[in-house]
Amino acid sequence: MNEAFLVLALAIGLGWPLGRYLAVVMRGAPMRGDRLFGWIERPLYRLLGTDPQRGMSWRGYARAFALSNLMVGVVVWMLFMVQAWLPLNPDAVPNMRWDTALHTMVSFLTNTNQQHYSGQAQLSYLSQMVGIVGLQVATPMMGLALVVATLRALMGGRQAMQPGSAPGKTIETEPDVGNYWADVVRASVRFLLPLCLLWSVLLTSQGVPSTLQAGPAATPVDASAGMAQQKIPLGPVAPMVAIKQLGTNGGGWYGPNSSVPLENPTPFSNLLETLALVLIPVAVACMVGPFTRRRKFTALVVGSMLLMSVLSTGAGIVLEGHAASAATPLLMEGKEVRFGADASALWAMLTTQTSNGSVNAMHDSLAPLTGLVTLGNMLVNAIWGGIGCGLQQFLVYLLLAAFLAGLMTGRTPELFGRKIEAREVRLLSLLILLQPLVVLGFTAMTLALPQFTGNSNSGFHGISQVFYEYTSAFANNGSGFEGLGDATYWWNLTCALVLALGRYPALIVPLAVAASLARKRHAPEGPGSLHIETPTFALTTVAVIVILTLLQFMPVLVLGPVAEHLSLAVH
């Protein structure tokens, strides 16, 4: 518990100043480092052919987002399929099969990093550094750009957010939500990359490899293993671990992720990596108030997320290390014995509260009810969430809570002085219904076709394994219960589809809703307005989140982790 308090305290303490700095970066306000950063950014703008001062409508912003994803995705997909013929491949790694390459590309393009491959054996250094790490840097900043554009639209557009601007009337044209290319470049160059450099140095100091040389060959201690030599895979691991943790990515250099001592060698490296899981998502939540110039808005967002985080983290640690079922010897398989059950449970909670998905112990070995909490975290997907996409999902819940609260109190549903009407609610409802349709639909289909499942467990845990895989894909998390033969055409293609459905509508639809609100007449807030920046409304929002996410999945949760827990309790 002490480590949990330390990590959350450090995340809040560091996230607040980082959030204020990030607000300045995303506003495009003058900064002390403009001369240095401008030297890096200007060539990038010329290469992209964009004027960073030129604004975009929400449609133009969404088109730029989709175009950038399409272009980068095709290049990375081809890279994985021809890596054997390219340089920086000292271990002679072969080309990746087309469906595995497609799934891997979509997984990292959606900031998910769900891995149906083992990185050290199936990707060359070039693929890891350019394809994987490149996407790990770009995709979280794309998500951040979308939520920043949504916040601008909710405030009436970029012009309405200028200091001293008066409340606008009805907007006849589309609001200016910013420049997509400038938002991504500024956030990457001025915020994410400097943090990654710092974390890379700190992790290298703890013994995480950072080299381009091929790994050494070692003689196994146990001669009965039947191997004369074992190749120890190395590489530029530290930079990838830094971005995988800070960027809510999660995909590790090694297949077993941060449970491998080479990725996570010491207790201090474990603390650094655990803190990195939530640092930037907390900073993004703290950015809201300074960015929108509504300080109480930060209290609403951070307070709601922190409440859910504390409840989830406390439940996970207690259920994993201190409940009656925790004494079952079978549950020790796959656990990180170097750090203990509490540190493993803390990591599991934080990695699913964000859309990170990295692990320092196998989630398939968690106690059943701990696994239920991790599933709940991903179904909510807005406790802290991924960079940008977590706050975007929270805004969806916020809009729905404002609509329901307005109806229950007899007031016109509105947010920030703009009415929430049927068109916006229909779009939000479709977004909420998409999750159960996709996740439950593919889970049912896969369980009905056991020849495609590749499941290691046909009991209650088998249901959890399949449900977890699709939940993780839709939540853009990437962690897995494993126990699945997932390197198949079925899993690669179905998960690739679920990955895309969980990412793009969740980022674009809220932007469209916010732009629709921005075009409406702004009414100054008064005594009759619905005030959302209050503890009561925060609790209302949390209640709406629980009702809309957890309760609609209750049957499959009962059939999976709850039934498994009861079966263990009986035996």
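This briefing describes selected helices, surface features, salt bridges and backbone details of the structure above. The model is predicted. A search of the whole structure finds eleven salt bridges, and several of these are described below. Two helices, α11 and α16, are treated in detail: eleven of the 13 residues of α11 are buried, as are 13 of the 15 residues of α16.

- Leu36, Trp39, Ile40, Leu44 and Leu47 make up a nonpolar patch on the surface, and together they have about 570 Å² of accessible area.
- Leucine 47, one of the patch residues, belongs to helix α2, which covers residues 34-48.
- Leucine 47 counts as exposed because its relative accessibility is 73%, and the cut-off for exposed is over 50%.
- Glycine 38 also lies in helix α2, but glycine 38 is buried, with a relative accessible area of 5%.
- Leaving aside residues up to four places away in sequence, glycine 38 touches Gly33, Pro43 and Arg190.
- Of these contacts, Arg190 is 152 residues from glycine 38 in sequence, with a C-alpha to C-alpha separation of 9.8 Å in space.
- Arg190 also takes part in a network of salt bridges with Asp34 and Glu41.

- Helix α11 runs over residues 341-353 and has 13 residues.
- From its first C-alpha to its last, helix α11 reaches 18 Å, close to the 18 Å expected at 1.5 Å a residue.
- The helix is mostly covered, with eleven of its 13 residues buried; among them are Ala343, Leu346, Trp347, Met349, Leu350 and Gln353.
- The cover over the buried residues of α11 includes α1 (2-27), α8 (237-246), α9 (267-292), α10 (295-321), α12 (368-380) and α16.
- Glutamine 353 is found in helix α11 and is buried, with a relative accessible area of 0%.
- Not counting residues up to four places away in sequence, glutamine 353 touches Ser309, Ser312, Thr313, Asn377, Ile383, Trp384 and Gly385.

- Helix α16, residues 460-474, has 15 residues and reaches 22 Å from its first C-alpha to its last.
- This span is close to the 21 Å expected at 1.5 Å a residue.
- Because 13 of its 15 residues are buried, α16 is largely enclosed by the rest of the structure.
- α16 is itself part of what covers the buried residues of α11.
- After α16 comes asparagine 476, which has a positive phi near 55 degrees.

**Salt bridges**

- Side chains of opposite charge can pair when their charged atoms come close.
- Arginine 152 forms a salt bridge with aspartate 183, and their closest N and O atoms are 2.9 Å apart.
- This pair links distant parts of the chain, since arginine 152 is in helix α6 (residues 125-154) and aspartate 183 is in helix α7 (residues 180-205), 31 residues apart.
- Both arginine 152 and aspartate 183 are buried.
- Aspartate 176 forms a salt bridge with arginine 158, with 3.2 Å between the closest N and O atoms.
- Aspartate 176 and arginine 158 are 18 residues apart, each in the loop between α6 and α7.
- With 18% relative accessibility, aspartate 176 counts as buried, because the cut-off for buried is under 20%.
- Arginine 294 forms a salt bridge with glutamate 533, the closest N and O atoms lying 2.9 Å apart.
- That pair spans 239 residues, from arginine 294 in the loop between α9 and α10 to glutamate 533 in the loop between α17 (489-518) and α18 (535-550).
- Glutamate 533 is partly exposed, its relative accessible area being 22%.

**Positive phi angles in loops**

- Most residues other than glycine have a negative phi.
- Leucine 88 has a positive phi of about 55 degrees although it is not a glycine.
- The loop between α3 (58-81) and α4 (98-109) holds leucine 88, which counts as partly exposed at 36% relative accessibility.
- Asparagine 381, likewise not a glycine, has a positive phi of about 60 degrees.
- Asparagine 381 is found in the loop between α12 and α13 (389-408), and at 15% relative accessibility asparagine 381 counts as buried.

Definitions and conventions. Residues are numbered from 1 along each chain as its sequence is written. This is a predicted model: local features need pLDDT of at least 70, side-chain atom pairs count only at pLDDT 80 or more; totals for chains, interfaces and linings use all residues. Side-chain values use heavy atoms; hydrogens and water are left out. Patches are made of residues with over 30% relative accessible area and no salt bridge: like charges are joined within 9 Å, nonpolar side chains (Val, Leu, Ile, Met, Phe, Trp, Tyr) within 5 Å. Accessible areas come from the Shrake-Rupley method with a 1.4 Å probe; for residues, only the protein chains shown count as cover. A salt bridge is a side-chain nitrogen of Lys or Arg within 4 Å of a carboxyl oxygen of Asp or Glu. Helices (H or I, at least four residues) and strands (E, at least two) are DSSP runs, numbered from the N terminus. Buried means under 20% relative accessible area, exposed over 50%, partly exposed in between (1.4 Å probe, protein chains only). The expected span of a helix is 1.5 Å times one less than its number of residues. Contact means heavy atoms within 4.5 Å.
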